[in-house]
Amino acid sequence: MKISVVIPCYGSEHTIETVVEEIKSTINQRKTEYEIILVNDCSPDHVWDKITMLSQKYKSVKGICFAKNFGQHAALMAGYRESTGDIVISMDDDGQTPADELYKLVDRIEEGHDVVYATYEKKKHNIFRNFGSRLNDFMCDVLLGKPKGLMITSYFAARKFVIEEICRYQNSYPYIVGLVFRSTKNIGTVPVHHRARMEGNSGYTFGKLLSLWLNGFTAFSVKPLRFATMMGILIAGLGFLYIIYIVINKIMNPNVLLGWSSTMAAIFLIGGLILFTLGISGEYLGRVYISINNAPQYVIKKKTSRDERLNDEQ
């Protein structure tokens with residue numbers, strides 16, 4: 001059996017080496033064949049220099065560098081396509097996902113599951129990150145048919161056939177959770193402890209988490225359509241509140257004349273719903289347009305050369 005560990009890297013110049021060393025130490029205890037694939041998502045620090053150093057130091061470490069920032073899910077896709085393991089593990093670069101517990105996921109896979117997610121009793125995130133994660137989890141329940149009670153995290157393991165099926169997706173908006181659910185329903189969980197970040201803050205702001213809920217980063221040509229969607233929701237909400245106000249006002253003051261106010265409320269409500277519908281339709285149309293124009297999932301600027309790797313792990 002061979003294990004591939006895929007790690008998107010962003011702002012982790014001072015943490016990624018510790019994460020790699022912990023992975024090596026854990027896997028070497030069982031003498032399993034493995035590889036570690038580090039994907040630099042155009043990080044603004046010097047993480048690529050660190051990845052290059054690690055790939056030179058260890059034969060099992062591979063590095064991929066993006067030409068610009070494409071996001072965590074695109075980085076995972078690039079790592080998956082480079083992986084050769086029978087089991088592929090995805091984890092974070094900040095030390096919050098405990099590498100010393102990765103065999104909990106592997107052992108659970110070997111019990112018969114196709115995918116296993118690590119679950120946390122308590123996450124060491126800030127309040128906005130936790131709220132965004134819950135929102136994303138709720139939308140997975142509603143839109144993707146996620147089994148009730150299944151916690152979705154960035155720390156999970158999958159069999160090779162699941163990764164191969166995920167890699168067949170070529171469109172511009174990769175969303176790993178949706179691709180996993182499209183590939184298999186044989187999904188398990190295993191509890192692990194969630195650590196505090198080694199340093200710095202999460203690159204995921206609330207806004208970025210909201211964008212992830214809406215299926216990740218979108219091109220500029222879709223933003224006006226999304227704005228129309230938000231405006232439609234807002235106007236429809238105001239129209240609905242206005243209708244409630246009219247009804248209550250009429251009950252409290254029967255002498256109030258009806259007509260103009262109720263007409264304007266209906267226009268607000270119906271107009272908002274129309275804008276909302278057009279916005280949603282435009283969102284799908286915009287994605288189709290961008291996909292037809294072959295917008296890339298990611299662009300690889302360079303990779304670490306296998307010939308440059310100097311030493312093997314002992």
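Tutor: One term to begin with: buried means under 20% relative accessible area, exposed over 50%, partly exposed in between (1.4 Å probe, protein chains only). This is a predicted model: local features need pLDDT of at least 70, side-chain atom pairs count only at pLDDT 80 or more, and totals for chains, interfaces and linings use all residues. Residues are numbered from 1 along each chain as its sequence is written, and side-chain values use heavy atoms, leaving out hydrogens and water.

Student: Is Phe-156 buried or exposed?
Tutor: Buried, because its relative accessible area is 3%.

Student: And how many aromatic pairs does the structure hold?
Tutor: It holds 3. Rings of Phe, Tyr and Trp (its six-membered ring) pair if their centres lie within 6.5 Å; planes under 30 degrees apart count as stacked, over 60 as edge-to-face, the rest as tilted. Phe-66 and Tyr-298 are stacked, at 5.2 Å centre to centre and 5° between the planes.

Student: Where do Phe-66 and Tyr-298 lie?
Tutor: Phe-66 is in strand β3 (residues 61-66) and Tyr-298 in the loop between α10 (260-292) and β8 (300-303), so the pair ties together parts 232 residues apart in sequence. Helices (H or I, at least four residues) and strands (E, at least two) are DSSP runs, numbered from the N terminus. Both Phe-66 and Tyr-298 are buried.

Student: What about Tyr-117 and Phe-156?
Tutor: Their ring centres are 5.1 Å apart with planes at 35°, so that pair is tilted.

Student: New topic: what sits over the ring of Tyr-103?
Tutor: The charged end of Arg-30, 4.1 Å from the ring centre. The cut-offs: NZ of Lys or CZ of Arg within 6 Å of the ring centre and within 35 degrees of the ring normal.
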